[in-house]
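Here is a short briefing on cavities and aromatic contacts. Please keep the model open while reading.

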Amino acid sequence: MEAGSAYLDFNATAPVRPEAIEAACAAMRVGGNPSSVHSAGRAARKLVEEARREVAALVGAEPGAVTFTGGGTEANALALGRRSETDILLASSVEHPSVLGGGRFASDAIELIPVDPDGVVDLAWLERRLGTETAPAIVSVMLANNETGAIQPVAEVARLAHAAGARVHCDAVQAAGRLPIDIAALDADYVTLSAHKIGGPQGAGALVRRDRSVPVMPLYRGGGQERSLRPGTESVAAIAGMGVAARLAAGEIGRQVELERIRDWFESELCTISTATAVFAKGARRLANTSCFAVPGVSAETAMIALDLDGVCVSSGSACSSGKVGRSHVLSAMGVAPDLAAGAIRVSLGWSSARKDVESFIEAWRRLLERRGGRAQEVIEAA
Ligand code: PLP
């Protein structure tokens with residue numbers, strides 16, 4: 001990240017932790033293919049297995065239940081295996097696009113679970129739907145939303161889904177390191193993790209199963225790596241970095257209390273600057289690190305450019321992976337009016353955030369709204 005800039009976009013990617021960089025570089029120096037039996041291969045294997053233990057510990061799973069992938073997107077697709085043509089996937093309407101893509105489910109085999117105005121799944125709707133004759137094969141509900149930070153009642157979802165005979169997938173990419181996660185307490189069959197959201201390198205992730213007996217359908221065939229569930233030579237450097245990041249993230253859950261204080265101060269400042277500020281998912285339990293908000297009439301695209309010029313990096317609440325600002329399916333599922341959603345800005349904090357970063361945002365935001373107010377006044381005076 002550029003020196004002097006305030007980086008407030010951890011939900012997009014977290015800066016890589018120095019310890020993870022060190023671990024990845026050390027792994028590259030080791031060289032060796034983890035499948036080789038010679039000493040260099042065994043040294044690489046050792047790094048992969050150490051990382052597997054760290055990643056398993058982050059979610060309270062057994063190491064043998066961890067399958068490394070190329071990231072969260074791939075882990076989501078891997079979890080969503082369709083065994084028969086009649087299988088249905090039931091996913092919350094606020095899932096990440098990699099879940100809404102459906103894995104191996106065709107688009108007409110995906111049904112969406114509605115959410116309330118705070119973005120939390122409608123459990124009563126889910127219970128009614130699960131009571132019908134066509135039970136879904138998989139129910140997929142994320143632990144915390146990437147745009148708003150809203151936390152979902154995954155354990156209750158799992159109770160209902162399991163009673164109906166469905167398997168449960170939980171995308172915990174944004175929750176990892178921010179909430180304590182215990183796969184058994186969550187009662188999920190599959191949990192998705194991504195390295196770069198916890199301060200590890202981009203391009204590594206994991207699908208963690210409740211235990212080794214939970215079935216997985218590989219996305220493709222090849223070598224026998226990862227017990228043939230994810231063929232292809234492992235990215236040892238990225239995996240080693242992920243392991244270190246998982247260990248450090250697990251030790252930082254307590255820091256969320258401090259982040260929550262910063263976030264609450266931040267949101268109260270926003271509302272002082274403009275009383276018209278709408279904070280999304282404010283009524284839900286939220287991740288302490290995330291704030292998604294809008295001020296009517298302020299376009300997110302324009303604001304992001306101005307903030308960037310001021311050295312502040314944030315995302316638009318509706319930026320898609322191509323970087324373009326589109327309509328947010330999350331805010332739209334929550335019933336947010338399109339005009340207001342077009343102004344959604346997401347500020348997200350993480351392991352290296354300090355209060356001064358958020359203060360920089362507030363100063364830049366105040367200037368931006370004053371300039372806007374000034375322009376509005378000029379228009380009024382000219383009329
Ligand atoms: N799931 C959620 C909730 C995410 O926020 C993201 C990334 O933004 C992903 C999955 C995809 O992870 P990756 O970038 O590792 O493919």
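The largest cavity has a volume of about 150 Å³. This is a predicted model. A search of the whole structure finds three cavities of 30 Å³ or more and six aromatic pairs.

**The largest cavity**

- Its lining counts 17 residues.
- Arg-17, Arg-178, Glu-252, Gly-350 and Trp-351 are the lining residues nearest the centre of the largest cavity.
- By type, the lining of the largest cavity splits into eight nonpolar, four polar and five charged residues.

**Aromatic pairs**

- A pair of aromatic rings is described by the distance of the centres and the angle of the planes.
- The whole-structure search gives six aromatic pairs.
- Among them is Phe-361 with Trp-365: the ring centres are 5.6 Å apart and the planes meet at 25°, so this pair is stacked.
- Why are Phe-361 and Trp-365 separated by about one helical turn? Both belong to helix α13 (residues 355-382), and they are four residues apart there.
- Phe-361 and Trp-365 are both buried.

**A charge over a ring**

- Arg-355 places its charged end over the ring of Trp-265.
- The distance from that charged end to the centre of the Trp-265 ring is 4.3 Å.

Methods:
Residues numbered from 1 in each chain as written. Predicted model: local features only at pLDDT ≥ 70, side-chain atom pairs only at ≥ 80, totals over all residues. Heavy atoms only, no water. Phe/Tyr/Trp six-rings, centres within 6.5 Å; stacked < 30°, edge-to-face > 60°. Helix = DSSP H or I, 4+ residues; strand = E, 2+ residues; numbered from the N terminus. Buried < 20%, exposed > 50% of the residue type's maximum accessible area, 1.4 Å probe, protein only. Lys NZ or Arg CZ within 6 Å of the ring centre and 35° of its normal. 1 Å grid on protein atoms, 1.4 Å probe; cavity = no way out; pocket = protein on both sides within 12 Å on 5 of 7 lines; lining within 4 Å. Points joined across faces, edges and corners; volume = space filled by probe spheres on them. Nonpolar A, V, L, I, M, F, W, Y, C, P; charged D, E, K, R; others polar.
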